[in-house]
4 protein chains.
Amino acid sequence: VSREGRPERSVVRVGDVEVGAEKLAVIAGPCSVESEQQLLSCAEGVKEAGADILRGGAYKPRTSPYDFQGLGEEGLRLLAAARERTGLPIVTEVRDVRQVALVNECADLLQIGARNMQNFDLLKEVGGCDKPVLLKRGLAATIEEWLKAAEHIAAAGNLNIILCERGIRTFDTTLRYTFDLGAIPVAKAQTHLPVIADPSHASGQAEYVAPLALGAIAAGADGVMIEVHPQPERALSDGPQSLTPSAFAEVMHRLRSVAQAVGRSV
Amino acid sequence: VSREGRPERSVVRVGDVEVGAEKLAVIAGPCSVESEQQLLSCAEGVKEAGADILRGGAYKPRTSPYDFQGLGEEGLRLLAAARERTGLPIVTEVRDVRQVALVNECADLLQIGARNMQNFDLLKEVGGCDKPVLLKRGLAATIEEWLKAAEHIAAAGNLNIILCERGIRTFDTTLRYTFDLGAIPVAKAQTHLPVIADPSHASGQAEYVAPLALGAIAAGADGVMIEVHPQPERALSDGPQSLTPSAFAEVMHRLRSVAQAVGRSV
Amino acid sequence: VSREGRPERSVVRVGDVEVGAEKLAVIAGPCSVESEQQLLSCAEGVKEAGADILRGGAYKPRTSPYDFQGLGEEGLRLLAAARERTGLPIVTEVRDVRQVALVNECADLLQIGARNMQNFDLLKEVGGCDKPVLLKRGLAATIEEWLKAAEHIAAAGNLNIILCERGIRTFDTTLRYTFDLGAIPVAKAQTHLPVIADPSHASGQAEYVAPLALGAIAAGADGVMIEVHPQPERALSDGPQSLTPSAFAEVMHRLRSVAQAVGRSV
Amino acid sequence: VSREGRPERSVVRVGDVEVGAEKLAVIAGPCSVESEQQLLSCAEGVKEAGADILRGGAYKPRTSPYDFQGLGEEGLRLLAAARERTGLPIVTEVRDVRQVALVNECADLLQIGARNMQNFDLLKEVGGCDKPVLLKRGLAATIEEWLKAAEHIAAAGNLNIILCERGIRTFDTTLRYTFDLGAIPVAKAQTHLPVIADPSHASGQAEYVAPLALGAIAAGADGVMIEVHPQPERALSDGPQSLTPSAFAEVMHRLRSVAQAVGRSV
């Protein structure tokens, strides 16, 4: 995935959306798929505000075994229905090698979560898929390890990889993670892959999603992934960091200005 | 796994060896199983020096896809042969849910590596096994997350869990990781499970294995896991941190003194 | 310094320059003052490119006692001459309580370096000065500790404080430090003080100064501090992260666009 | 301070006590000197339990300007009186270059605190003193930076330096800091200076002082510094990590066993 082997930048297609081209890719949607109504309401809201891709978790990695673990296959079915309704391609996390075939069949983009960035068997499996992969940076992974994880996917045959910086773990716990802005230009200098940012997981707080998203775009990110929920206070996971659809629309407005300032569009 | 539910300490049986009892458990062997000769030579060396359990990796998680990935099933077969020869029970890492049944059949203790500490599907699978589990702490996992990962295993039905501190990732890279000595008494205060230490991975350098091992025992660890290789300079993985069998015997001698000083034996 | 006591934002005057107002403050100049020619050439270059304040170190904190420690008083004299020539107010670091009176007499803004953020006697001394203070965040300081350090200055009577995020120390050493973008909006939410960014020290590499500076402005920073040297390859300190005057002019051009996109000017 | 220039280990004399010799040095006493009664009661308690050197802070560095800052000169006077009474040499922190002459006159060992490890002017001043220096490791200092800080003292003429590991700042905040056990053998391999450990500041909790102290000694530390207070619950600073004199006596008993196990005495 190094730029040495391929000096021009890659553009990765997700459904009809190009990631890594002049136009930024905006991925939005709920942390977890919770119900048909929640997902459709969210999908329509983010579509209207200009999002390009719908996100939603069906298989959730959770620190405690007693927390909500996602709807599983039912979640995939609801995501497909939301795509049907809005036309937005969908991205969802695949957590287990045994889910890969099923998720690959349903989703337009396969997400590898931060905690699985060095789950090498899973990387190899998605490396054998025909859908593109969104590879989140591990919360304690160096940039080099992140790119080597991408190399595991590429070595298995899948070159359609999008990198996603989502905050790293440091001594400062004011925000949930420390968003590593510098990782964006460094990853873009060292690889030909598109690099996007996830300001929702990085900050863990809705009020800081906008400044991190704007900063990421100004620093050269090729897109952002933002958590949106129709009723954040009732979310089954990650409520405090979720924007309402109208707050998301407002962020989109501000992203547009900054995108233009750096020669991109939204 | 909290001590609130069970105030007395657990003792976990691995073959005929008790981990968590008065006598410390010493696990030793090569990072990777490389060949019959390498493994047997190593197994006999560590047995003679007083080790209780033989370690050896058959499925290796590797940062780069181009590095040696382990011998796989052939490695398991060689481990079983070494157990046959020496009588030592064996521990080996299981990396993928699809390997669990096979590894459970062969090994006496199933190791979950640091990079898989939050691979929740894998935790659940080993939680369904009848063999005990050695759960390494993730390199950026808080103690709370480590214990919650153990809870994933316990919630799936397997209460025979041994925790292993193996160093965390910090700003200081003089050694490979920062060995978190305090995690040992804290984990022992918060859980009833045995807690051991891996000074080899923590330090990454053979010359610092002994001081970390001695410190861990003095601070209350229930055992240590040490990498030993008949020819460290020719090892296919982790050579710089591997002890020769004779250096290991020397460390055992020093461990014995410190163990006695804290009311334990080796 | 909390916003609770003072909900409106503070504007700090440095000479005739307002920091924290609609117009961003751009501080530029060499890491160390090395000679009259070096400083004047630099001062004129950054003035022409639109900088507001000239920086230059006379007393340098250096990890090794055998490195260049700065020109001391002679450096202060050269800074005053550069102000005379260009009209730019000057900022320089004060490292020792015994230098405070002298530096306060000469400089328009007193810098407290990252390594002295918790040198409480020094904070108290600059708290007794009539010149404003630029307080850099310590490389392992939480945001709370940073604001409490500002409180030490304020408690001694000086409320004219500018905060500066300059990167924190984390496990990732790809860049010199990890620029903590989120600290900017958090510090602005918790205090009424202006907050600027130092992308030069954060990145340690000239090629990453622009993306970090642009990101900081997009995320709400009130200004940036950038190291500029007429001949970076010959600098006595921090050469690799210094921009040439013409590279700085190019960064100013890009900053202008992003500033406008977020409703500010340069 | 490198071992290259001086292969044999240094022994530093503090009053009549040798630090770095076969017998371990135990430093104990309150965080802050609070009153004559508090200090004398503490001094007699630790002396009786076998401590070699009395500690006590007169000038306290405090995160908030509104916390107790120490008794200053009065604290020095009380320390001298405690030495008079018990015969124990005393160590106290010097925080400001302007206090150095006075503290040097009174104390037997000058402590540089973690927050001042890179206060280079202060290092230079104590480098000009005739009393030995206890140099604590900065909470985000690499081992290399710590040794370079010692080099600042040595370059100014004072070679009587004792290094002290006191925990570093990492992502895990279960304990106050992460005690870096590996730093002890590494510092001893790279320098000829004695290296001791401060388990009280590292852990921040009285119940974890003993395991960290025992671990440090087993790993090769030349001594420990432990906070003791006659009534920890009424301490003006660091109460939660302070041992009572009788708990300290119990720790001394355990230290003695481990010291013997590694060929040292207490």
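**Exercise 1. How many residues of chain A are in contact with how many residues of chain C?**

Before we start, note that this is a predicted model, where local features need pLDDT of at least 70, side-chain atom pairs count only at pLDDT 80 or more, and totals for chains, interfaces and linings use all residues. Residues are numbered from 1 along each chain as its sequence is written, chains are lettered from A and ligands numbered from 1 in the order in which they are written, and side-chain values use heavy atoms, with hydrogens and water left out.

*Solution.*
- Step 1: Contact means heavy atoms within 4.5 Å. By this rule, 33 residues of chain A meet 33 residues of chain C.
- Step 2: Now take the buried area (the accessible area, with a 1.4 Å probe, that two parts lose on being put together, summed over both). Chains A and C bury about 2,400 Å² between them, with 76% of it on carbon and sulfur atoms.
- Step 3: On the side of chain A, A:Phe171, A:Leu181 and A:Tyr208 lose the most area to chain C, together 22% of what that side buries.

**Exercise 2. Find the salt bridges across the interface of chain A and chain C.**

*Solution.*
- Step 1: Look for a side-chain nitrogen of Lys or Arg within 4 Å of a carboxyl oxygen of Asp or Glu. The rule finds two such salt bridges between chain A and chain C.
- Step 2: One of them links A:Arg137 with C:Asp172, and their closest N and O atoms are 2.7 Å apart.

**Exercise 3. Is A:His201 buried or exposed, and which side chains does A:His201 join by polar contact?**

*Solution.*
- Step 1: Buried means under 20% relative accessible area, exposed over 50%, and partly exposed in between (1.4 Å probe, protein chains only). A:His201 has 11% relative accessibility, so it counts as buried.
- Step 2: A polar contact is a pair of N or O atoms within 3.5 Å; within protein, one must be able to donate a hydrogen and the other to accept it, and residues adjacent in sequence count only if both atoms are side-chain atoms. The side chain of A:His201 makes one of 3.3 Å with that of A:Glu227 and one of 3.1 Å with that of A:Asp238.
- Step 3: Not counting residues up to four places away in sequence, A:His201 also touches other residues, including A:Arg55, A:Tyr177 and A:Gln241.
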